[in-house]
Amino acid sequence: AAAAPGDEIVLASGTYLLPTLVFKDGLLIRGGPGVSIQPLTGPAFTIVADDVCIEDVEVQSSDDDAILARDVKDLYLEDIVVTDAARTGFALDNVEDVLLNRLTVQDATINGISIVDSKDVDFRDSMFTAPRGVHIVASEYVEMDGVDADSTTEHGIVIEQASKVDLVSSVLTDNEVGLWVLDSDDVTLT
């Protein structure tokens, strides 16, 4: 049976090989121990609905971004581990009112997380390992608390054309350039 808006989907332990398009508002997708999403092609999750929560899954990307959210409001992602993302671990484009908690990206090819044209994004206690750990572009009201960005080849955190960005208790390790701020206003480090 197809999920209806507002449903909770509990994933049984196992490996899932098909990408998932989340297009119904109000879905809660919950994994648990032994839940692994390994799509053969495309993102593991493409989110185009509002008020979506995905938690407690492991994602292994094949040839694309691991998790893509575009044109959505009220997004909550928690306890998600992404390994070997062929592009970006978490690609957020034109999202608003987002809470990201305990996300891990290991060895993404481009960005650990990219946040583009977005507003009111709050992420905490997360670790990103990629050429660019965190990339924020043309976004406002972004708060990072307890974020660890690790890149041995490029930048830990890149903030460009953004405003009202707060970095709190974040750690930048093994980066060619730890923090790069370009054409941005009201960027605070504490």
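Helices (H or I, at least four residues) and strands (E, at least two) are taken here as DSSP runs, numbered from the N terminus. The model is a predicted one, in which local features need pLDDT of at least 70 and side-chain atom pairs count only at pLDDT 80 or more, while totals for chains, interfaces and linings use all residues. Residues are numbered from 1 along each chain as its sequence is written, and side-chain values use heavy atoms, with hydrogens and water left out.

The chain holds 18 strands and zero helices. Its radius of gyration is 16 Å, close to the 16 Å of the globule rule for 190 residues, so the chain is as compact as a globular protein of that length; the radius is taken over C-alpha atoms, and the rule is 2.2 Å times the number of residues to the power 0.38.

Turning to charge, the chain carries 37 negative side chains (Asp and Glu) and 10 positive ones (Lys and Arg), with His and the chain ends not counted. A salt bridge is a side-chain nitrogen of Lys or Arg within 4 Å of a carboxyl oxygen of Asp or Glu, and the count comes to 11.

Glu-55 is buried, at 13% relative accessible area, whereas Arg-30 is partly exposed at 30% (buried is under 20%, exposed over 50%, partly exposed in between, with a 1.4 Å probe and protein chains only).

Notes. Charge placed at Lys NZ, Arg CZ, Asp CG, Glu CD.
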